[in-house]
Amino acid sequence: CQIVGCDHQLGSAVKEDNCGVCNGDGSTCRLVRGQYKSQLSASKLDDTVVAIPYGSRQVRLVLKGPDHLYLETRTLQGVKSENSLSTTGSFLVENSSIDFQKFPDKEILRMSGPLTADFTIKIHYAGAADSSVQFIFYQPIIHRWRETDFFPCSASCGGGYQLTSAECFDLRSNRVVADQYCHYYPENIKPKPKLQECNLDPCPASDGYKQIMPYDLYHPLPRWESTPWTACSSSCGGGIQSRSVSCVEEDIQGHISPVEEWKCMYTPKMPVVQPCNIFDCPKWLAQEWSPCTVTCGQGLRYRVVLCIDHRGMHTGGCTPKTKPHIKEECVVPTPCYKPKEKLPVEAKLPWYKQAQELEEGTAVSEEPSFIPEAWSTCSVTCGVGSQVRLVKCQVLLSFSQSVADLPIDECEGPKPVSQRACYSGPCGGEAAEYTPEETQLLYGSLQELDELYDWEYEGFTECSESCGGGVQEAVVTCLNKQTREIADETLCVSSRRPPQLLKACSLDPCPPR
C-alpha cells in the first residue's frame with residue numbers, strides 16, 4: 001500500500017494544517033485557549049462561556065463542577081436552535097458532529113469541525129459550588145486584507161501617479177466589510193499602498209515635458225491629519241463632538257502643506273463627528289419615609305433624596321428644580337392627651353442632620369477624594385442610637401469612565417466621619433418632647449454634634465484592692481463643651497471614645513493574717 005496525501009497524490013506525505021488547509025502553514029487560523037469560572041448570582045440562572053464562530057476546528061471543552069453545559073447555534077441564514085446536552089453520546093447539531101461525555105462531577109464536549117454554524121457554549125447553574133470550564137479551539141481568520149486595483153491617475157497628461165489600497169474582505173459572505181474586522185486579528189497586516197507613474201505623455205498645450213516627482217522613502221505619501229476632538233456638546237444623555245480632517249503632503253525637506261483630498265483617497269477619511277457621553281444623566285432617587293416624629297397628632301416625617309448616576313453611584317449633577325422634597329407633614333390617628341403643639345414637631349437633631357447629610361454626596365472626580373457610602377440603619381429601633389458607614393478614597397479614570405479605589409493616604413483633606421448619632425422616634429409609646437437646648441440646636445445654628453459634645457476623663461474608680469496591689473480605671477463621660485454638664489453617651493457617638501486607662505493602686509503589702 002502507498003500513502004496518499006491530502007493533495008490526493010500517491011506517495012505524497014502532504015497533510016492538512018490545524019486550519020484544515022492542505023500543505024498549509026497555519027496562517028489562516030488562530031489558536032484560542034481560555035478558562036471560564038462561574039460566578040453565582042441570585043438573578044442569573046445561566047451564563048455564556050465562549051462563542052465559537054463558523055468554521056472553527058478541533059474544539060474541546062472540559063467542565064468541572066456541579067453545573068451543566070448546553071449549546072445555542074445560529075446558521076449563516078440566521079436560523080437559531082438550542083441543545084441541552086442532557087445525555088452522553090455522539091450526535092449532529094446543524095450538520096456538525098458532536099461528542100459529549102457526562103460524568104457526576106465533570107462534562108467533556110468535543111467537536112472536530114469545521115463547524116457549520118456559529119456555536120455559543122453556555123452554562124446552566126445547578127449547584128451552590130463554583131464550576132470552571134477550560135476550552136481550546138482553532139478559529140478561522142475569516143476577514144483578510146485584499147489589495148485593490150490602481151486608482152485613476154492623478155493627472156491626465158504630463159505625468160502623474162496612481163495608488164493601490166487595501167480593503168477588508170469577508171471570506172464567508174464574499175463581500176467588503178469595515179476595516180475594523182481585519183484589525184481584530186493581530187496576524188493580519190494591512191498591505192502598504194503601491195504607487196506607479198502614469199500618463200507620462202506631454203500635455204498638448206505645453207512645450208516641454210512635465211517633471212515627475214518620485215515617491216519613495218524620502219517623500220512620504222499624502223496622508224490624513226486631524227485636529228483634536230472638540231468638547232462634548234452634552235455632559236450626559238448623548239452628545240456629539242467634532243474635528244476637522246484635511247489631506248496634507250510632506251515634501252523632501254519635511255515641510256507639510258495641505259493638498260487636494262483625492263490624493264488621500266487611497267485610505268478612508270477619518271470621521272469628523274462622533275457620539276460622546278452616551279450614558280444616562282444623573283437622576284433623583286427618593287428613599288423611604290422615616291417614621292412620624294410624634295406618636296399622636298400632627299408631626300413631620302423625612303426621607304433621603306440622592307442624586308444617582310448611570311453607574312448607580314451617589315453623585316452630583318441633578319437638576320435642583322426637579323428634586324423631590326425631603327420633609328412633609330404626617331398625622332398619627334392616635335389622640336393626644338395634652339395640648340397640641342401650634343406647629344408640627346420637628347425631628348430630633350440627629351435625624352434631621354441625617355436627612356441633610358445623606359442627600360449631600362460627594363461626586364467622584366479625576367482628583368483623589370474621599371467618597372462616603374450610605375449610612376447603615378440605626379442601631380436602635382427607638383430613641384437615639386448610632387450609624388456607621390464606609391469611607392473610601394476613590395478617583396475617576398476619565399478614559400474608561402470607571403472608578404478606582406486608592407489607599408486612604410492618597411486623598412488630601414479631612415476624612416468624613418464614619419460614625420454618628422441617629423434618632424428612631426420616641427420609645428415606650430410616649431409623645432416626643434424636646435428640651436430647650438434641643439430646640440435651640442434644631443432651629444438655630446444646627447451645630448455639629450461632635451463640636452458640642454465630646455468624651456472626657458473624669459477621675460478614677462475606687463481601687464479594686466485595699467492592699468497588695470490593685471487597679472483603678474479612668475472614668476469616661478460625655479460632656480457638653482459649653483455647659484460642662486454630663487450628657488447622654490449617645491450624643492458623643494460621632495466622636496471617637498478615648499482608650500481605657502488603668503493605673504496601679506494600694507501597692508503596700510497586706511498585713512499578715
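Helices (H or I, at least four residues) and strands (E, at least two) are DSSP runs, numbered from the N terminus. With that in hand, hello everyone, and let's look at this chain.

What you see is a predicted model, where local features need pLDDT of at least 70, side-chain atom pairs count only at pLDDT 80 or more, and totals for chains, interfaces and linings use all residues. Residues are numbered from 1 along each chain as its sequence is written, and side-chain values use heavy atoms, with hydrogens and water left out.

First, the overall picture. The chain has four helices and 32 strands. Of its 513 residues, 34% are buried, meaning under 20% relative accessible area, while exposed is over 50% and partly exposed lies in between (1.4 Å probe, protein chains only). Take the contacts with a separation of 6 or more: 64% of them come from residues 24 or more positions apart. Contact here means heavy atoms within 4.5 Å.

Two strands pair if DSSP finds at least two bridges between them; β11 and β13 (residues 166-170) are joined by five. Within that pair, E147 stands opposite A166 in β13.

Finally, Val272. Where is V272? V272 lies in the loop between β19 (256-258) and β20 (273-276). V272 counts as partly exposed because its relative accessibility is 35%.
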